[in-house]
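User: Hey, I've got a protein open on my screen and I'm a bit lost. Could you walk me through it?

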Amino acid sequence: MTNSATAETRTGPRVYADYGRPLWMRWLLTREIAVIVALILVVVIASVQVNSFGTTTTLGFLLLDVAPILMIALPMTLVIMMGEIDLSVASTLGVSSVMLGILTQAGWPVAAAIVACLVVGLIAGLINGLLVTIVGLPSLAVTIGTLALYRGIAVGLLGTTAVTSFPPFWLDLAQAQFGDTGIPVAMVLVVILIVIFAALLHFTPFGRGIVAIGFSKETAHFSGVHVNRTKVVSFMLTGLVAALAGIYWTFRYGSARGDNATGLELAVIAAVLLGGVSIFGGKGAIHGVIAGVLLLGVLQSALRLANVSSDSINIITGALLILSVLSPRFLPWYRSLRFRRTTTEN
């Protein structure tokens, strides 16, 4: 009874009437499609209102800005869909950036330094996963702690200094574009990650296990899902991709600092929730997350070009985050109310 009640509270009652709707309605009348429509509207309005918004230069800077957020948002989707959260991703990015700077400064080949940074990200994610699963601590408390721990390590390794001497090839690669299109070469890596995580979540038993855990970890366990292993792997993937984003961040800005990407975790979580992933777990889709990241990036970019203050942009971002959290509660309640009225009338 408890599991059934929990699932009903999180996602709303599922009735045969829901599946009696035409297929096109079930595909199009979703939060993910609503976010995509909102993205299109914002792009159109911004292009009309802000003269410089529609240029290839603006497009290039927009994609460069959202690339690390989009990269980290992909594994973060898996974690949040399980009903967990990882607030340490920006700190893991900072540690990765610092390690890359220290190792290249010590004479390591860049490729070897990159591998070492990815291993550091895996270890950071593994620590989070083990503390959540084996020790049994809440992920919110664990990742708040490791957020401070990893950031402290990053700042402690370099202090207030920064490493800025990197091979020009890697710096140019992080900024390179495909001709005059404005599309950065780095988006190839992002697209590869999108394909991997979309396939992982939507077309594998691992992804179905994540959804099942989000509904009820007890039910998932008795259904044969390795709950702890799935959680540990998801946290490790988050750490790995955060480290990869740290490498990209370092080469893009040409600077390895302990305070790189401070506060980025809030933008990642806001984009994931805006993209239709339920904070209560069990619901979400990769295409919605992509649209959420782009919507947030386009909105912030357009507001900056319109000379809106950073404080106002933060207010708008916070309002969108609150709306994203509230909407999964409101929409199921509204559908349930309509269903009850229809049942009563019949």
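Analyst: Here is a short chat about this structure.

Analyst: Before we start, this is a predicted model: local features need pLDDT of at least 70, side-chain atom pairs count only at pLDDT 80 or more, and totals for chains, interfaces and linings use all residues. Residues are numbered from 1 along each chain as its sequence is written, and side-chain values use heavy atoms, with hydrogens and water left out.

User: Okay. How many helices and strands does the protein have?

Analyst: The protein has 16 helices and zero strands. Those are DSSP runs numbered from the N terminus, with helices being H or I of at least four residues and strands being E of at least two.

User: And what share of the residues is buried?

Analyst: 47% of the 346 residues count as buried. Buried means under 20% relative accessible area, exposed means over 50%, and partly exposed is in between, using a 1.4 Å probe and protein chains only.

User: What about contacts in the protein between residues 24 or more positions apart?

Analyst: They account for 80% of the contacts with a separation of 6 or more. A contact means heavy atoms within 4.5 Å.

User: Which residues touch the most other members of the largest nonpolar core?

Analyst: The core has 68 residues, and the ones touching the most other members are Ile-72, Phe-197, Leu-264, Val-268, Val-272, Ile-286 and Val-293. A nonpolar core is a set of buried Ala, Val, Leu, Ile, Met, Phe, Trp, Tyr and Cys residues joined through side-chain atoms within 4.5 Å.

User: Which helix gives the most to this core?

Analyst: That's α5, with 15 residues. Helices that each supply at least two residues include α5 (56–81), α10 (187–202), α14 (264–274) and α15 (286–305).

User: Is Phe-169 buried or exposed?

Analyst: Phe-169 counts as exposed, at 56% relative accessibility. Trp-170 is partly exposed at 25%.

User: Why do Trp-170 and Phe-251 count as stacked?

Analyst: Their ring centres are 5.6 Å apart and the planes are at 20°, so the pair is stacked. Trp-170 is in α9 (residues 168–175) and Phe-251 in α13, so the pair ties together parts that are 81 residues apart in sequence. Phe-251 is buried, at 5% relative accessible area. Phe-166, Phe-169, Trp-170 and Phe-251 form one aromatic cluster.

User: How big is the largest cavity?

Analyst: Its volume is about 40 Å³. On a 1 Å grid over the protein atoms alone, a cavity is a set of points where a 1.4 Å probe fits but cannot get out, and lining residues have an atom within 4 Å of a point. Grid points are joined across faces, edges and corners, and a volume is the space filled by probe spheres set on the points.

User: What lines the largest cavity?

Analyst: Val-66, Ile-69, Val-293, Leu-296, Gly-297 and Gln-300 do. α15 gives the most to this lining, with four residues.

User: Where is Asn-128, and is Asn-128 buried or exposed?

Analyst: Asn-128 lies in α7 (residues 110–133), and at 1% relative accessibility Asn-128 counts as buried. Not counting residues up to four places away in sequence, Asn-128 touches several residues, among them Asp-86, Thr-146 and Phe-235.

User: Last one: what is phi of Ala-261?

Analyst: Phi of Ala-261 is near 65°, a positive value in a residue other than glycine. Ala-261 is in the loop between α13 and α14 and is buried, with a relative accessible area of 7%. Most residues other than glycine have a negative phi.

Notes: Phe/Tyr/Trp six-rings, centres within 6.5 Å; stacked < 30°, edge-to-face > 60°. 1 Å grid on protein atoms, 1.4 Å probe; cavity = no way out; pocket = protein on both sides within 12 Å on 5 of 7 lines; lining within 4 Å.
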